[in-house]
Amino acid sequence: MNSSDGRMISFAFSGGWLHHSTSGWVFDGAWINKVSPRSMTEWFTIKEAIGLIDKGYQPNGHITEIANHHSSSGIGLAHVGKKENHWNIDLWNIYLDKTINTSYFRLEYMKNKWQYGLIYTFQSPLLYQEGLNYDNRYIQPDEKGRVLSLMGQYCVHNTSIQIAYSRAFNSGRFLFPKELGRDQFYTSMSRSRLNGLGDIHVFKTGLEHGWKNLIVNLDAATLLGTDMKNLKYNKYKMADNTNYIL
């Protein structure tokens with residue numbers, strides 16, 4: 001569920017997974033009932049995990065108090081994918097019981113030395129959240145996160161150059177519990193994530209070159225449009241920033 005996690009103790013999940021592939025089509029279905037967050041050795045039910053480390057602020061400025069206020073029984077995942085000639089298409093749906101539903105669409109085209117990609121994600125709060133007190137909600141009823149992410153990449157010999165752009169719209173903050181994973185957009189990298197943000201722009205460039213026994217990768221991402229005082233679109237009071245990773 002989180003291939004970008006590079007820590008020695010990474011995320012681990014417990015549940016059941018069904019997978020089937022035929023004639024270029026891929027189908028997956030899963031139910032996750034426990035998680036061991038990264039850097040931890042203990043196992044938690046999904047109900048126990050939500051709010052374990054994910055704090056932040058509500059849109060009205062109050063500190064979020066979600067720990068021990070959610071009775072989520074698990075995470076349901078469904079996926080259908082298709083590979084056709086130079087095209088790859090994937091549609092994922094992630095249902096976090098009694099909390100939030102996230103739909104994730106990815107379209108990629110690869111030919112010769114070029115690769116292009118598009119990701120669109122949209123989120124909807126589940127009805128259970130309305131029955132909680134305002135400060136105990138993980139997501140408010142009017143928050144509907146929308147994110148568009150675009151990528152272009154050129155590869156020649158042992159070198160690849162990539163540019164990417166992500167836009168989180170002003171329909172609400174993109175939200176996903178930190179205890180369960182990290183966002184996976186084309187601009188996502190360590191310390192440059194969209195979680196908790198809305199109405200912002202992210203630009204990323206990357207350069208990779210490989211030798212016989214060595215690969216060097218340099219990534220840079222710039223986050224623009226944040227307002228630390230506008231918590232309606234900034235759950236963690238993030239500021240505009242630029243990050244580099246070598």
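A pocket here is an open set of grid points with protein on both sides within 12 Å along at least five of seven lines, and its lining residues have an atom within 4 Å of a point. Everything in these close-ups comes from a predicted model.

**View 1. The second largest pocket and who lines it.** Here we look at an open space of about 160 Å³. Its lining is made up of Q153, S160, Q162, Y186, K204, G206, L207, E208, N217 and D219. Strands β9 (159-168), β10 (200-210) and β11 (215-224) each hand over two or more of these residues. The top contributor is β10, with 4 residues in the lining. Sorted by class, the lining comes out as 5 polar, 3 charged and 2 nonpolar residues.

View 2. A hairpin takes the chain from β10 to β11 through 4 residues. Look for F203 facing T222 of β11. Then β11 also pairs with β12 (residues 241-245), again in the antiparallel sense, over 5 bridges. Pocket-lining D219 has I245 of β12 as its bridge partner.

View 3. Count cavities of 30 Å³ or more and you get 1. The largest cavity holds about 60 Å³ of space. Around it sit D183, T187, S188, R191, S192, R193, L194, V202, L223, M238, N241 and N243. That lining splits into 4 nonpolar, 5 polar and 3 charged residues.

**View 4. Two loop residues with positive phi.** Most residues other than glycine have a negative phi, so these two spots are worth a zoom. S23 is not a glycine, yet its phi is positive at about 50 degrees. You'll find S23 in the loop that links β1 (12-22) to β2 (25-36). S23 is exposed, its relative accessible area being 65%. N112 isn't a glycine either, and its phi is positive at about 55 degrees. This one belongs to the loop between β6 (100-111) and β7 (114-125). At a relative accessible area of 76%, N112 is exposed.

**View 5. The salt bridge between D90 and R106.** The whole structure has 5 salt bridges, and one of them joins the side chains of D90 and R106 at 3.2 Å, N to O. D90 sits in strand β5 (residues 87-96) and R106 in strand β6, so the pair ties together parts that are 16 residues apart in sequence.

View 6. Side chains of opposite charge can pair when their charged atoms come close. K82 and E84 meet through their side chains at 3.4 Å, N to O. K82 counts as buried at 17% relative accessibility, while E84 is partly exposed at 40%. In the K98 and D97 pair, the side chains meet in a salt bridge of 3.2 Å, N to O. Here the lysine, K98, is partly exposed, with a relative accessible area of 28%. D97 is buried, with a relative accessible area of 8%.

Methods: Residues numbered from 1 in each chain as written. Predicted model: local features only at pLDDT ≥ 70, side-chain atom pairs only at ≥ 80, totals over all residues. Heavy atoms only, no water. 1 Å grid on protein atoms, 1.4 Å probe; cavity = no way out; pocket = protein on both sides within 12 Å on 5 of 7 lines; lining within 4 Å. Points joined across faces, edges and corners; volume = space filled by probe spheres on them. Nonpolar A, V, L, I, M, F, W, Y, C, P; charged D, E, K, R; others polar. Pairing = 2+ DSSP bridges. Buried < 20%, exposed > 50% of the residue type's maximum accessible area, 1.4 Å probe, protein only. Salt bridge = Lys/Arg side-chain N within 4 Å of Asp/Glu carboxyl O.
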